[in-house]
Amino acid sequence: MSATTTHRATTGSRNADGTGQQKSALAWLTLPAVIFFLVFAVVPLVGVLILSFANWDGIGAIGAAGMENWTSVLSDPELYNSLGLTFMIMIVSWLVQTPISLLLGVFTAGTQRYRAALAVLYFLPLLLSSAAVAIAYKALLDPNFGLAMGLGLPFLAQDWLGVPQLAVGLVIFVIAWQFVPFHTLIYQGGVRQIPKSLYEAAQIDGAGTIKQFFHITLPQLKYTIITSSTLMVVGSLTYFDLIFVLTGGGPGNSTRILALDMYLRGFRANLMGPASVIAVILVVIGLALALFLQRLGGKDKQGSQLEGM
Amino acid sequence: MKQFQSSRRSFLALAAITPFAAMATTACGTSGPGSASGGGASMWFLSGEPNQTTIQKAVDAFGAANADNKIAVTYFQNDAFKTKIKTAIGAGQAPTIIYGWGGGTLKSYAEANQVEDLTSWFDANPDLKNKFFPSSFGAATVNGKIYALPNQYIAPIVLFYNKNLFDKAGVQPPKTWDDVMSLVKTFNDMGVAPFSLGGQSRWTSMMWLQYLLDRIGGPEVFKAIFDGKPNAWMDPAVIETGTKIQELVSADGFIKGFSSITADSKADQALLFTGKAAMMLHGTWTFGAMKKDGQNFVQNGKLGFAAFPTIPGGKGDPKNGVGNPAQYMSISAKATDTEKETAKKFFKDGIMTDTVIDAYIESGSVPIVNGIEDKLASSPDKDFLNFVYDLGKNAPNFQQSWDQALSPTAAEALLNNIDQLFLKSITPQQFAENMNATLGK
């Protein structure tokens, strides 16, 4: 607390000295960021909003459509199928990835050599692009030429990408395979920030490893969990490349999540208006989720977790 | 508090940007050359042998003869190309030469004034116009004007079969739908998949519907659909087609996992020539690919071919064919005049030279040029080539592939519904109703 007060005091005195000019000069430094934000976020957002009220096939002239796109998309059962699927994948992905990355993060945070060696292996999927991951899995799981046939493992010889339920499960698995390393990295950093003295004190009080995990590690990781969850949840709205290459939304519409639905409508069916409607829906959901998760952390963001240290 | 607000804002920004980032990275990655430098022209073409080599040689030969008017080619996979070219045209970044399959897609380009009207140019070059099968100009014509040069070869869909497996089973290729269903049982009992299919590409499954609908209801049914007549999809022949498809799927007619196999990977062809599947309904262009990849499977005469079986009581002529009457090349209206001139010169002197025609015949295709009967007869693949030539040239009706004939919007809905029909997640009745809603779109 004392550090903040001194900082405020110095800023205040500077202003009092009449160096407001310096402050405005500093404001100019944000200009590149502001321009980037305007050009790459605000302008496209406004463009998509306008397009959602327009008729456009992506090639010819743009014409006004009024509310037509909105009514047609909102009355399309496919939208609700995609929406439900998106949330289902989001929730299941969170449920699968969070415990795994949390435990792996705690494990790799240890200082032993073998843990460091294993950590390198765990982080390997981070180096691969989504398209490469998808192509590799597609080849490995091919029911006729894949791993199962090569190694003679009948239980692997399922039609993984051809049966709707299996395909959804597989998509969630491959997403987890790809993103767990990233979240493990976040948790590893979080765990290493926890002061050793807390554990030492707990040990003196007679707390075992499991008790220490639930009473020290987990509460101390509160904000790490929120950060990781926000990235997972908001990120899952935009899963596209992996699913596009792996299943293309199929079989049928069983893996056609919202982002993919937007692409297929816009760039395959040449319906840019309805695709823009979906883009707007995605923005609204993304904003709402990010805000919700921020609220979850409590208003007292500055509140210390190290009270009394 | 200050810190809290800024972090919230950055999350807002993150949330706001991400959908567009997805859109931008997936679609607008126009890394290909928009236009070639100097007096040259650019062209996008499909990757994959044997055609990639044939086209590259033609382009190289044209470049050597016209040092100032070189053509720069970029190759893309088939399914990726179809999306990329549309996006590029919409963004004004199209290559000079736009490759395609004519029909509804070409119509959408022509109506948006994105491709050059070549009618008068063809009138000025009657020799060139008369060089090609007259039937090949149908899908290049929009509202009476020619917007594309027909080229390459005629590509009907035919029934391929593995002669080794047929000999082993002691059976003949199917002549009727009843034969098909009994062969399905025979091969399943042998532990071999009856039909190979790359179902994830969806247009592969569409070929089945095209033939079935033609055999059952005749070409008039699709003609009505194409013309956007009210309730054209609700024709009983459409329902019967869907029912037959689902019967075949239920009888395990298609290889296990067909809905996750893509045509671009050529796994469907590999299944046929490695003996994992007995038959495959596919375009004649796969003949050349199997000849190249199949380890002498084609060269040793093990690849059989037949016309699509007849349906008892069906109205369609069994000689009717479906497929691509030709492939097409248009010139971008956004190209510079010199680029357009180079492209026209290439159309005239570079693309269908004798060397190129010979290369197509060599790879097992029938070029769309008149007077090649002798060349076909002297080829080692003459049986196949003559079969294709008859199917393509003498068919009473040759239906262009639906996904190319229809508008892109209707085509995407069609492919999506076909996928669901094959998965049996919709009934034939629902299929017809869903498609009926797309009429006129």
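Here is a friendly conversation about how some features of this predicted model are worked out.

User: Why is B:Ala263 called buried?

Analyst: A residue counts as buried when 20 or more other C-beta atoms lie within 10 Å of its own. B:Ala263 has 21 other C-beta atoms within 10 Å, so it is buried. You will find B:Ala263 in the loop between helix 11 (236-250) and helix 12 (267-273) of chain B.

User: What makes B:Gly198 a contact of B:Ala263?

Analyst: Two residues are in contact if their C-beta atoms lie within 7 Å. Leaving aside neighbours within four places in sequence, B:Ala263 is in contact with B:Gly198, and also with B:Ser201, B:Thr204 and B:Asp268. As for B:Asn434, which is 171 residues away along the chain, its C-alpha atom is separated from that of B:Ala263 by 25 Å.

User: What is the overall make-up of chain A?

Analyst: Chain A holds 15 helices and two strands. Of its 309 residues, 34% count as buried. Among its contacts between residues at least 6 apart in sequence, 68% join residues at least 24 apart.

User: Where does UniProt place the "transmembrane region" feature in chain A?

Analyst: The unreviewed UniProt entry gives several stretches, including residues 83-107 and 231-251 of chain A. In the model, residues 83-107 of chain A are 100% helix and 0% strand, with end C-alpha atoms 36 Å apart. Residues 231-251 of chain A are 57% helix and 0% strand, and their end C-alpha atoms lie 28 Å apart.

User: Which domains are assigned in chain B?

Analyst: The assignment gives domain 1 (41-152 + 326-370) and domain 2 (155-323 + 401-436) of chain B. Their centres, taken over C-alpha atoms, are separated by 29 Å. The contact takes 14 residues from domain 1 of chain B and 16 residues from domain 2 of chain B.

User: Which element gives the most to the side of domain 1 of chain B that touches domain 2 of chain B?

Analyst: Helix 4 of chain B does, with four residues. The residues on that side of domain 1 of chain B divide into two nonpolar, 10 polar and two charged.

Key:
Residues numbered from 1 in each chain as written. Chains lettered and ligands numbered in written order. Predicted model: local features only at pLDDT ≥ 70, side-chain atom pairs only at ≥ 80, totals over all residues. Buried ≥ 20, exposed ≤ 12 C-beta atoms within 10 Å, placed from the backbone. UniProt positions renumbered as here; feature names shortened; annotations may be inferred. Domains from an automatic or database assignment. Nonpolar A, V, L, I, M, F, W, Y, C, P; charged D, E, K, R; others polar.
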